[in-house]
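Subject: Structure handover

Hello,

Here is the structure I promised to pass on. Please have a look at it first, then read the notes below.

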Amino acid sequence: MGPEYLEVLEDMTDRVNRPDLTPSWQMARFIKDGSLTEFGLRRALRYQKSALQSLTTFKGFENMTTPLSAEDLKKNLFRGSYEPSGLIQ
C-alpha cells in the first residue's frame, strides 16, 4: 500500500468516527422544511452580488449620448480580437 492509500484510509476512518467532518453533515445544518432551496438561493445571491462588484470597468464610454449596438460595442471593446482593451487595472 502506498502513502496515498493510507491517507485516503485515514480520511475515511476520520469521517466514520466524526461524521461532523463530512460535507453531508455540514450541509444538513442548512436544511429548512426538508429542502436546501433557501440556502442555495442565499448562496446564489451572495455570489451574484460579489460577481457584480468585481466587474471590470472599461474606459471610453463615459460620455456617450447614444448607446452602441451589440456589434459596435464588441468592436470597441475587443478591437478585432478576443482580448479586451481599455481595462482599468
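Start with the surface. The protein chain has an accessible surface of about 8200 Å². Carbon and sulfur atoms account for 56% of that surface. Please keep in mind that this is a predicted model.

Now the overall build. The protein chain holds 4 helices and 0 strands. Read from the N terminus, the order of elements is α-α-α-α. The chain has 89 residues, and 3% of them are buried. As for contacts with a separation of 6 or more, 31% join residues 24 or more positions apart.

Next, the salt bridges. How many turn up in a search of the whole structure? The search finds 3.

One of them pairs Asp-20 with Arg-18. Their closest N and O atoms are 2.7 Å apart. Asp-20 has a relative accessible area of 27%, so it counts as partly exposed. Arg-18 is at 43%, and therefore also falls in the partly exposed class.

Glu-38 takes part in a salt bridge with Lys-32, where the closest N and O atoms are 3.3 Å apart. Glu-38 also meets Arg-42 in a salt bridge, at 3.2 Å from N to O. Together, Lys-32, Glu-38 and Arg-42 are linked in a network of salt bridges.

Where do Arg-42 and Glu-38 lie? Both are in helix H3. They sit 4 residues apart there, which is about one turn of the helix.

Then the aromatic rings. The structure holds 1 aromatic pair. Its partners are Phe-30 and Phe-39, and the pair is stacked. The ring centres are 4.3 Å apart, with 20° between the planes. Phe-39 is at 14%, so it counts as buried. Phe-30 is at 30%, so it counts as partly exposed.

Which residues make up the nonpolar patch? They are Tyr-5, Leu-6 and Leu-9. The patch covers about 290 Å². Leu-6 is placed in helix H1, which spans residues 3-17. With a relative accessibility of 40%, Leu-6 is partly exposed.

Ser-69 is in the loop between helix H3 (37-53) and helix H4 (70-78). Its relative accessibility is 36%, so Ser-69 counts as partly exposed. What does the side chain of Ser-69 have at 3.1 Å? A polar atom of that side chain lies 3.1 Å from the backbone nitrogen of Asp-72.

Begin with the network of Lys-32, Glu-38 and Arg-42. Go on to the stacked pair of Phe-30 and Phe-39. Then turn to the patch of Tyr-5, Leu-6 and Leu-9. Finish at Ser-69, in the loop between helix H3 and helix H4.

Best wishes

How values were computed
Residues numbered from 1 in each chain as written. Predicted model: local features only at pLDDT ≥ 70, side-chain atom pairs only at ≥ 80, totals over all residues. Heavy atoms only, no water. Helix = DSSP H or I, 4+ residues; strand = E, 2+ residues; numbered from the N terminus. Buried < 20%, exposed > 50% of the residue type's maximum accessible area, 1.4 Å probe, protein only. Polar contact = N/O pair within 3.5 Å; in protein donor to acceptor, adjacent residues only side chain to side chain. Patch = residues over 30% accessible without salt bridge, like charges linked within 9 Å, V, L, I, M, F, W, Y side chains within 5 Å. Areas by Shrake-Rupley, 256 points an atom, 1.4 Å probe, with all protein chains shown as cover. Salt bridge = Lys/Arg side-chain N within 4 Å of Asp/Glu carboxyl O. Phe/Tyr/Trp six-rings, centres within 6.5 Å; stacked < 30°, edge-to-face > 60°. Contact = heavy atoms within 4.5 Å.
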